[in-house]
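Biologist: Hello! Could you walk me through this model, one question at a time?

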Amino acid sequence: MDNLIASYGLPLAGGVLLGLAASLVLLTHGRVTGVSGIFGGLFLQGHDGRSFRLWFVLGLIASGLALSRFHATGMSATGAPGIAVAGLAGLLVGYGTRLGSGCTSAHGICGIGRLSVRSLTATMTFMATGMLTVFVVRHVLGGLR
Amino acid sequence: MKPALAAAGAGALFGVGLCLSGMTQPAKVLGFLDVFGHWDPGLMFVMMGAVLVHLVLYRIIRRRNQPLFDSKFHVPESRGVDRKLLLGAAVFGAGWGLGGFCPGPALVSLAGGASSTGAFVGAMVVGMALHHVVHSAKRLEQPAEGPRTAVG
């Protein structure tokens with residue numbers, strides 16, 4: 001039972017919070033909760049809503065600071081690759097989310113939540129290449145450090 | 001004051017949701033993406049919970065003429081699927097599968113102080129800036145093209 005809660009209950013509860021937070025952003029600021037877009041628009045030219053972006057990102061980072069005190073495993077990047085591979089991953093994520101206009105939150109939660117075909121397509125695409133990448137790294141190359 | 005508080009509160013709530021759901025743990029994310037190995041379906045429930053809640057609340061909220069602290073909604077009008085969307089999503093997915101982080105969880109995890117997280121976020125900023133530079137250069141090269149419209 002405990003296992004079931006940890007494996008499926010927590011993800012579901014966390015997901016509900018994500019849905020609520022995205023809805024709160026829509027209700028108060030009328031915006032899509034796309035973390036890549038909110039964060040990128042903070043330092044790239046030509047984006048409005050700077051104050052909203054700044055406060056949202058600060059809230060996000062502050063929640064991490066607060067949570068790291070009593071849920072250290074959730075913050076310690078367990079299972080992440082070494083610095084070099086993590087850097088390459090970050091580069092791809094940064095470039096790809098700008099080119100594809102969104103990440104897991106913008107397309108996967110908000111986009112699918114408003115039944116956008118564009119976002120559903122994007123989500124299926126990044127899930128597919130994510131799975132393919134893990135397959136190649138784990139089962140073809142035998143892991144990367 | 002109120003708009004800032006709402007934005008920070010939503011950001012914090014989003015961060016708690018990411019942490020609780022397991023999205024901040026690359027081991028879990030990679031386990032979810034490892035469909036050809038020991039697949040861990042747990043994170044499917046994250047999207048299920050989030051989408052179901054937002055599906056209902058989105059419709060209710062959009063009945064309003066405007067959001068509480070803005071004069072209009074900034075929700076993108078549905079456009080067709082284009083090459084940029086597919087290519088961008090594909091590149092993002094490759095990075096997600098390589099690092100086990102997507103942007104939100106990486107920012108939340110900064111507090112953990114792991115060097116991998118720092119490297120990921122730093123490189124993510126570089127990747128975003130790189131796209132910005134390449135994209136701006138392309139626009140300068142083709143001034144006659146006019147506003148970009150998606151091809152369905």
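Biologist: In which loop of chain A does Ala77(A) lie?

Modeller: Welcome! This is a predicted model, in which local features need pLDDT of at least 70, side-chain atom pairs count only at pLDDT 80 or more, and totals for chains, interfaces and linings use all residues. Residues are numbered from 1 along each chain as its sequence is written, chains are lettered from A and ligands numbered from 1 in the order in which they are written, and side-chain values use heavy atoms, with hydrogens and water left out. Helices (H or I, at least four residues) are DSSP runs, numbered from the N terminus, as are strands (E, at least two). By that numbering, Ala77(A) lies in the loop of chain A between helix H3 (50-67) and helix H4 (83-99).

Biologist: What is the phi of Ala77(A)?

Modeller: Most residues other than glycine have a negative phi. Ala77(A) counts as buried at 8% relative accessibility (buried is under 20% relative accessible area, exposed over 50%, partly exposed in between, with a 1.4 Å probe and protein chains only). Though not a glycine, Ala77(A) has a positive phi, of about 55 degrees.

Biologist: And is Ser101(A) buried or partly exposed?

Modeller: Ser101(A) also has a positive phi, near 55 degrees. Ser101(A) sits in the loop between H4 and helix H5 (104-113) of chain A. With a relative accessibility of 41%, Ser101(A) counts as partly exposed.

Biologist: How much area do chain B and chain A bury between them?

Modeller: Contact means heavy atoms within 4.5 Å, and 104 residues of chain B are in contact with 104 residues of chain A. Buried area is the accessible area (1.4 Å probe) that two parts lose on being put together, summed over both. Of the area buried here, 77% is on carbon and sulfur atoms, and the total is about 9200 Å².

Biologist: Which helix gives the most to the side of chain B that touches chain A?

Modeller: Twelve residue pairs between chain B and chain A are in polar contact, both at pLDDT 80 or more (N or O atoms within 3.5 Å; within protein, one able to donate a hydrogen and the other to accept it, and residues adjacent in sequence counting only if both atoms are side-chain atoms). Several helices of chain B each supply at least two residues of the side that touches chain A, including helix H1 (2-21) and helix H6 (115-141). With 17 residues, the one that gives the most is H1(B).

Biologist: Which residue of chain B forms a salt bridge with Arg138(A)?

Modeller: A salt bridge is a side-chain nitrogen of Lys or Arg within 4 Å of a carboxyl oxygen of Asp or Glu. Between chain B and chain A there are two salt bridges. For Arg138(A), the closest N and O atoms are 2.9 Å apart, and the partner is Asp34(B).

Biologist: Why is the ring pair of Phe135(A) and Phe36(B) called edge-to-face?

Modeller: Rings of Phe, Tyr and Trp (its six-membered ring) pair if their centres lie within 6.5 Å; planes under 30 degrees apart count as stacked, over 60 as edge-to-face and the rest as tilted. The structure holds ten aromatic pairs over all chains. For Phe135(A) and Phe36(B) the centres are 4.9 Å apart, and the pair is edge-to-face because the planes lie at 65 degrees.
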